[in-house]
Structures are given as structure tokens and as C-alpha cells.
Amino acid sequence: MSFAIIAPGKDVTEWIDLFQEMDDSLSIQVYPDLRDKESIEAVLVWKHPQGILKELPNLKLICSMGAGVDHILSDPQLPENIPITRIVDDKLTFSMTNYVVTAVLFHHRQIPKYLAYKSEHMWDMREPEVPVTIGVMGTGALGSDVLDKLSYLGFNVIGYGRSRKKEFGFPYYSGDELESFLSKVNVLVCLLPLTPDTEDILNLSFFEKCQRGTYLINVARGNHLVEADLLLAIEKGFISGAFLDVYREEPLPKDHPFWDHPKIMLTPHIASVTNPAAAAPQIYKNYENMKKNLPLVNEIKMSQGY
Ligand code: GLV
């Protein structure tokens, strides 16, 4: 029986050390060196080569190395009926919330404007803050924490999600109430899972429904955003600017128009990076639970896609 890590291009030494510390008898195979595919019962994956999982005849558990599982579900040859788990952990949530708070404050306290004033040696005390109401799309573990902390800072916040919720600590919109949701906010945070329903959701017709001058923060997935439509929406004034961490193609190509756009701030998919020390115990626990036929933690619902 063995465990495999399939994360091409990632240095997984820290993961191996952590698993070995928890269980020195655990046999770990690391892609591309999968010597004994028959023995592999569980895999930890990040952007695995499509088709490889179906070559593991005894696979019983697939663990995502991150919060998202879209990189797993997009494999057309994904073996069926194998449970998939994702990472939910306090460190991941802490980093994501702090990133979103930074992006909100960057806009609200107009950092780009003051950087320009600084370079011009200009002293202008007018309009020091942009008033904001923040809408968070995606109200799972990450979105809920973002809402709580922004609200604690005194901001008006509202949420939008796929499912109806009876009880929610903030005004909440779901399903076809998207237009009313958009009409209430002027800062929009995308924290949705990427599924066939949410792919390309941030497109021109969506931006047209936003309050004029809405500021966009995308920390979910690049494929939520139709990138050419964002450029158009900024040009037309539907969107005033954007703070982005994720892109359709990563690394962002060197000649991509986002790099030099004065109204777009960008970072290289670092909003919330899985901390192996924080996440390894839940993965090992799931490996053990799988062997004992016990319920898994943070298992996704296949029918929902997250
Ligand atoms: C990062 O993007 C993740 O899914 O954890």
C-alpha cells in the first residue's frame, strides 16, 4: 500500500518530510517516478498530468493540494467514484482574507493616487477615501471569513452564493438574484469555486450590470474572468480597476496587456498558498480514514463540483 504525490514542477520535499514525520512506515512515491502504480491507494495532487490517475488501478482517495479542485475535475479521464478532498485550513483562510483586505484598502484608501502624488511631490488632501460597499461572491470557508473581517473593520458587506441559505450573518443573495446583488455593491470580490456554471462569469454583460465604476478583486480562478472583457469594461467605465491574483494562463505571459495597465494591480497567484505544515495533518488523517472506511474531512460533493 502506498501514497503518491503528483505535483509536476513543485518541490515537494517539505511534504515528504512532514508525512514521514507523522508515519515513518508510509511508502511515498513521487511523480514522475511512480514505480509501483498498483500499490498506490491515495494521491496528493496539484495540476496532475491528465489521464495519469486512471493508470492507478487501486486508487481510493484523491487529495487536492489546495483549496480548489477544478484542476482535478478538469481531467476528462478522471476515474469515477473516487472521493476527492480539498484543503480547508486556518492558515489558508488567514492569508486569503488578509489579501482581500489589502486589495479593498488599496482601492478604498487610493494607494495608486497617493503614489502618483508622491512622485509629483503633490500635497492634496481632498477626497481621501472612496466610499465602498463590498460584495463577496462565494460564501464558503474563505468568503465567510472575508465577510466577517471586512465587516469587523466597519465596511458594509453582502454575500452572493449558489445555494439558498436560511441563516446568514449578512445580507445574502443567491442564484438569479445576481443583478440585485450587483446593484448594491461597488467593490466585488470573486471567491467562487470554478465549475462549468461559474466559468467566464465575469464577462462584459456581467460588468454592464455592475454599478458604474465597480472595483473588481479576483482571487478565485483565472477562468472566471473573460480577460478581454475586463479591458473593455474598464475602457467603458463599467469597472474602475481591478486587483488580480489569478489568470487564464499562468505564469501570466510577458506580453499580456494586464502587466502595464495603469488600472490593474496584479500579483502572481500568491493570495493564499497552501502551507504544507498546516495542511499535511488533514491529508494524512484522510489517508487513515480512507483505510478504516471512516468519513473523510473536507470531501467535495461531486454533484456540486466543489
Ligand atoms: C489555490 O489557488 C488553491 O486552490 O489553494
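Let's start with Ser27, which sits in the loop between H1 and S2. Helices (H or I, at least four residues) and strands (E, at least two) are DSSP runs, numbered from the N terminus. This is a predicted model, where local features need pLDDT of at least 70 and side-chain atom pairs count only at pLDDT 80 or more, while totals for chains, interfaces and linings use all residues. Residues are numbered from 1 along each chain as its sequence is written, and side-chain values use heavy atoms, with hydrogens and water left out.

**Ser27 and its contacts**

- Ser27 counts as partly exposed, at 34% relative accessibility; buried means under 20% relative accessible area, exposed over 50%, and partly exposed in between (1.4 Å probe, protein chains only).
- In sequence, Ser27 and Ser2 are 25 residues apart, yet their C-alpha atoms are 5.1 Å apart in space.
- Leaving out residues up to four places away in sequence, Ser27 touches Met1, Ser2 and Phe3, where contact means heavy atoms within 4.5 Å.

- You can find Ile82 in the loop between helix H2 (70-73) and strand S5 (84-85).
- The residues that Ile82 touches, not counting those up to four places away in sequence, are Leu59, Lys60, Leu61, Ile62 and Met302.
- Ile62 is 20 residues from Ile82 in sequence, and the two are 7.0 Å apart in space, C-alpha to C-alpha.
- Thr195 is also in a loop, the one between strand S9 (187-190) and helix H7 (204-209).
- With a relative accessible area of 9%, Thr195 is buried.
- Gln304, Gly305 and Tyr306 are touched by Thr195, again not counting residues up to four places away in sequence.

**Salt bridges**

- How many salt bridges does a search of the whole structure find? The search finds 10, a salt bridge being a side-chain nitrogen of Lys or Arg within 4 Å of a carboxyl oxygen of Asp or Glu.
- One of them joins the side chains of Lys37 and Glu55 (2.7 Å, N to O).
- This pair links distant parts of the chain, 18 residues apart: Lys37 is in the loop between strand S2 (28-30) and strand S3 (40-45), and Glu55 is in the loop between S3 and strand S4 (61-64).
- Lys37 is partly exposed at 28% relative accessible area, and Glu55 is partly exposed at 39%.
- Asp124 pairs with Arg126 in another salt bridge, with the closest N and O atoms 2.8 Å apart.
- In that pair, Asp124 is buried, with a relative accessible area of 15%, whereas Arg126 is exposed, with 62%.
- Glu177 and Arg164 form a salt bridge too, their closest N and O atoms being 3.8 Å apart.
- Glu177 lies in the loop between strand S8 (172-174) and helix H6 (178-184), and Arg164 in the loop between strand S7 (156-161) and S8, so this pair ties together parts that are 13 residues apart in sequence.
- Glu177 is partly exposed at 27% relative accessible area, while Arg164 counts as exposed at 62% relative accessibility.

**A charged patch**

- Which residues form a negative surface patch? The patch is made by Asp11, Glu14, Asp17 and Glu21.
- In a patch like this, the residues have over 30% relative accessible area and no salt bridge, with like charges joined within 9 Å.
- Asp17 belongs to helix H1 (residues 13-22) and is partly exposed, with a relative accessible area of 42%.

**Backbone details to look for**

- Tyr31 and Pro32 are joined by a cis peptide bond, with omega about 10°, and Pro32 lies in the loop between S2 and S3.
- Glu250 and Pro251 are also joined by a cis peptide bond, with omega about -5°.
- Pro251 is in the loop between strand S11 (239-244) and strand S12 (264-266).
- Lys47 has a phi near 50°, a positive value in a residue other than glycine.
- The loop between S3 and S4 holds Lys47, which is partly exposed with a relative accessible area of 46%.
- Asn298 has a positive phi as well, near 55°, and is a residue other than glycine.
- Asn298 is found in the segment after helix H9 (276-292) and is partly exposed, with a relative accessible area of 29%.

Methods
Patch = residues over 30% accessible without salt bridge, like charges linked within 9 Å, V, L, I, M, F, W, Y side chains within 5 Å. Areas by Shrake-Rupley, 256 points an atom, 1.4 Å probe, with all protein chains shown as cover. Lys, Arg positive; Asp, Glu negative; His and termini not counted. Charge placed at Lys NZ, Arg CZ, Asp CG, Glu CD.
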